[in-house]
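Subject: Structure for you to look at

Hi there,

Here is the structure I promised to send over.

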Amino acid sequence: MTDLAAVKAALKTQAVETPSWAYGNSGTRFKVFAQQGVPRSPKEKLDDAAQVHAVTGVAPTVALHIPWDKVDDYADLAKHAEERGLRLGAINSNTFQDDDYRLGSICHPEAAVRRKAVDHLLECVDIMDATGSQDLKLWFADGTNYPGQDDIRDRQDRLAEGLAEVYARLGDGQRMLLEYKLFEPSFYTTDVPDWGTAYAHCLKLGPKAQVVVDTGHHAPGTNIEFIVATLLREGKLGGFDFNSRFYADDDLMVGAADPFQLFRIMYEVVRGGGFTAEVAFMLDQCHNIEAKIPAIVRSVMNVQEATAKALLVDRAALADAQRAGDVLAANAVLMDAYNTDVRPLLAEVREEMGLDADPVSAYRRSGWAEKIVAERVGGEQAGWGA
């Protein structure tokens with residue numbers, strides 16, 4: 001039997017990091033759609049993030065993206081976050097929105113471009129020092145479009161060299177989280193296309209380098225929970241970028257496409273000790289046509305629901321069935337947990353934390369949506385590239 005008190009205690013300790021860019025304007029590959037009330041500055045993004053934390057109680061950190069969130073005084077930005085009950089989380093680099101990076105960044109054939117890219121990553125570590133952030137998150141759009149365009153092995157050597165320089169700059173308590181992506185924007189090769197490539201580089205770099213699993217960055221049918229289990233077993237799972245995909249890297253609300261997959265992933269996290277270890281639970285989403293803050297609230301709730309179900313798995317019964325080779329019984333144990341309606345349980349957890357049982361309704365009643373539409377008039381709205 002599952003100890004409900006222990007489940008509730010675990011849920012109260014959960015923390016989900018929200019991304020600053022999710023509060024700004026975004027869209028498809030063809031059009032960025034503007035909405036009323038969108039933040040115009042990093043501080044206003046934090047103001048919105050504070051509303052998510054206020055109604056969920058489990059979103060205390062906000063990831064920044066540089067240069068989208070570049071400011072003159074990062075210590076002041078960290079203070080702004082603290083005053084709103086938040087902390088600044090992972091610092092995300094950007095080496096894909098500059099003309100110099102047409103043929104790559106850290107893997108570029110020209111040394112001068114590689115130097116520019118590495119200097120940006122070192123700047124991000126400087127920002128971590130100023131904000132107190134623990135994690136430097138790296139994703140590279142590097143790759144090639146045609147066979148013979150560049151030397152595949154040389155590009156891996158350049159990648160390793162650049163990562164090593166940045167790794168050496170990390171301070172105590174800081175980590176490098178390397179993300180991978182199956183494809184996009186390159187059509188022939190991607191320089192960090194899968195978890196194995198990311199793992200190989202992180203293994204060589206050392207204990208401060210770990211892998212990030214973006215749930216939208218895999219081929220259809222990929223068993224993501226196997227990847228999670230393996231990385232946890234090797235001590236190399238640094239964190240997640242939670243989102244959903246229907247055909248590519250859609251960055252939709254996590255759990256929107258396949259909530260059962262999210263449950264299976266979270267079960268491996270719970271089973272592998274990742275729920276209490278240094279695994280960062282981050283959202284990486286863009287809300288194009290839906291209201292942004294409610295969508296982020298819903299995403300946090302979806303992570304909570306999948307986690308609650310994973311915690312409810314009767315692991316003793318599951319182990320017994322597995323040892324007995326009882327395939328149907330073992331599967332039934334997992335399905336019983338997945339099919340449990342955990343919303344009443346989470347409502348109890350929130351009320352015990354002094355929160356409203358329904359975060360979405362609480363946000364709607366707060367008046368924040370109307371307030372930002374009325375007050376955020378004029379200026380340049382934040383969005384892709386801003």
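Predicted model: local features only at pLDDT ≥ 70, side-chain atom pairs only at ≥ 80, totals over all residues.

Let me go through helix α5 in order. The helix runs over residues 152-169, 18 residues in total. From first C-alpha to last, α5 reaches 27 Å, close to the 26 Å expected at 1.5 Å a residue.

Which residues of α5 are buried? They are Arg155, Arg158, Leu159, Gly162, Leu163, Val166 and Tyr167. Viewed down the helix axis, these buried residues fall within an arc of 165 degrees, so they line one face of α5. An α-helix has 3.6 residues a turn, so residues three or four places apart point the same way. The cover over the buried residues of α5 includes the helices α4 (111-131) and α6 (195-205), along with the strands β6 (135-138), β7 (143-144), β8 (175-179) and β10 (209-214).

I also looked at Ala382, which sits in the segment after α14 (368-375). Ala382 is buried, with a relative accessible area of 4%. Apart from neighbours within four places in sequence, Ala382 is in contact with Gly24, Asn25, Val38, Pro39, Arg40 and Lys45. Val192, by C-alpha positions, is 29 Å from Ala382 in space and 190 residues from Ala382 in sequence.

How values were computed:
Residues numbered from 1 in each chain as written. Heavy atoms only, no water. Helix = DSSP H or I, 4+ residues; strand = E, 2+ residues; numbered from the N terminus. Expected span 1.5 Å × (residues − 1). Buried < 20%, exposed > 50% of the residue type's maximum accessible area, 1.4 Å probe, protein only. Arc of directions from axis to C-beta. Contact = heavy atoms within 4.5 Å.
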